[in-house]
Amino acid sequence: MELICPAGTPAALRAAVDAGADAVYCGFRDETNARNFPGLNFSPEELRAGIAYAHNHGVRVLVAINTFARAGSLDVWERAVDAATDAGADALIVADVGVLDYAARHHPYQRLHLSVQAAAANPDAIDYYVKAFGVRRVVLPRVLSVPEIAAITREVDCETEVFVFGGLCVMEEGRCSLSSYATGESPNMNGVCSPASHVHYREQDGQLISRLGAFTVNKFAAGEPAGYPTLCKGRFQTEHGAGYLFEDPVSLDATSMLPDLRRAGVTALKIEGRQRGRAYIERVVRSFRQILAGLESDLAGPSGDLVALTEGQSTTAGAYRKSWR
């Protein structure tokens with residue numbers, strides 16, 4: 001299985017390449033990609049240089065143009081498609097139907113991957129993208145169990161890719177409006193979820209209070225680890241008490257599921273984390289490279305040395321194990 005690794009900066013790209021990635025994914029420094037945060041991403045010149053570096057080391061580069069185009073502004077996304085293709089991208093990761101149509105018509109030889117943002121979670125939906133736009137690979141939403149992934153992989157005429165480590169989005173990708181509701185900025189349209197410009201902390205009555213926009217997201221007691229105030233990972237008060245109703249503040253770690261994912265026919269394993277630094281990238285990529293090498297020798301097992309890099313130093317297998325079913 002291929003190891004697909006994140007790169008939010010040119011330095012992170014080089015670190016991922018040097019650590020053993022099979023492919024690196026990145027995006028432009030604008031709203032066309034779903035990690036549009038200050039200090040991250042690539043200019044067209046940086047992307048061209050990064051692709052050259054990766055290709056010199058036998059590594060592919062996938063460019064994420066995976067937000068949904070604004071009405072009347074499709075040209076911004078079209079220019080991103082042109083620039084990525086001209087730079088020599090090995091594939092474009094796209095969600096928007098209009099952007100896919102443009103890429104397929106104007107760059108018919110450019111390999112296209114369907115972004116997780118498209119939320120294509122059944123064979124009929126995936127086959128539509130394959131037939132209409134020539135999509136070669138689909139990144140499956142993080143809401144599927146391993147048997148569901150295996151069933152999809154058997155039926156579709158393209159490769160499948162799944163997330164195995166990093167931030168876990170509980171919503172079906174491309175369909176979450178929490179950040180937009182709270183801040184006016186959307187991961188689907190603007191490429192930002194719970195942007196730092198809307199985050200505030202204050203101390204009150206011995207507690208640390210985190211807020212996103214006008215909303216209190218969490219309250220932490222003295223000494224309690226304080227997570228970033230992403231709205232879906234907030235602690236909510238209901239008639240049943242306070243708790244994490246949408247999602248616990250933990251990270252995805254599917255290392256124990258890798259043999260099952262291989263048997264399911266998955267082509268590629270994706271690490272989340274374009275907003276993370278190169279030290280994180282290097283450590284995670286090297287660890288997964290070792291795990292995959294062990295898997296080929298039937299020696300693979302869960303890797304405990306990555307827990308320190310996870311949110312809240314806690315992990316979950318997410319929907320891969322739907323124990324509530």
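Modeller: Start with the hairpin of E8 and E9: 2 residues sit between the strands, and Asp205 takes a positive phi near 55°. Strands here are DSSP runs of E with at least two residues, helices are runs of H or I with at least four, and both are numbered from the N terminus. This is a predicted model, in which local features need pLDDT of at least 70 and side-chain atom pairs pLDDT 80 or more, while totals for chains, interfaces and linings use all residues. Residues are numbered from 1 along each chain as its sequence is written, and side-chain values use heavy atoms, without hydrogens or water.

E8 covers residues 199-204 and E9 covers 207-212. The two run antiparallel, joined by 6 bridges. Pairing requires at least two bridges found by DSSP. Across the pair, Arg202 faces Ile209 of E9.

Now the cysteines. The UniProt annotation "binding site", from an unreviewed entry, covers Cys169, Cys176, Cys193 and Cys232. These four span 64 residues in sequence, yet no two of their C-alpha atoms are more than 10.5 Å apart, so they gather at one spot. Such annotations may be inferred rather than shown by experiment.

Cys169 belongs to the loop between strand E7 (159-167) and helix H7 (178-183). Cys176 is also in the loop between E7 and H7. Cys169 is partly exposed at 27% relative accessibility, while Cys176 is buried at 15%. Buried means under 20% relative accessible area, exposed over 50%, partly exposed in between, with a 1.4 Å probe and protein chains only. Beyond its neighbours within four places in sequence, Cys169 contacts Arg142 and Glu247. Contact means heavy atoms within 4.5 Å.

The structure holds 0 disulfides; the criterion is a pair of cysteine sulfur atoms within 2.5 Å. Take Cys26: the closest cysteine sulfur, in Cys5, is 12 Å from its own, too far for a bond. Cys26 is buried at 0% relative accessible area. Cys158 is buried too, at 12%.

Last, helix H4 (residues 97-106). Its buried residues are Val99, Leu100, Tyr102 and Ala103. They cover an arc of only 160° around the axis, which puts them on the same side of H4. That arc is taken from the directions from the helix axis to the C-beta atoms. Their cover includes strand E3 (60-65), helix H3 (74-87) and helix H5 (123-133). At the N-terminal end of H4, Asp96 is the cap: a side-chain oxygen lies 2.7 Å from the backbone nitrogen of Gly98.

Key: A polar contact is a pair of N or O atoms within 3.5 Å; within protein, one must be able to donate a hydrogen and the other to accept it, and residues adjacent in sequence count only if both atoms are side-chain atoms.
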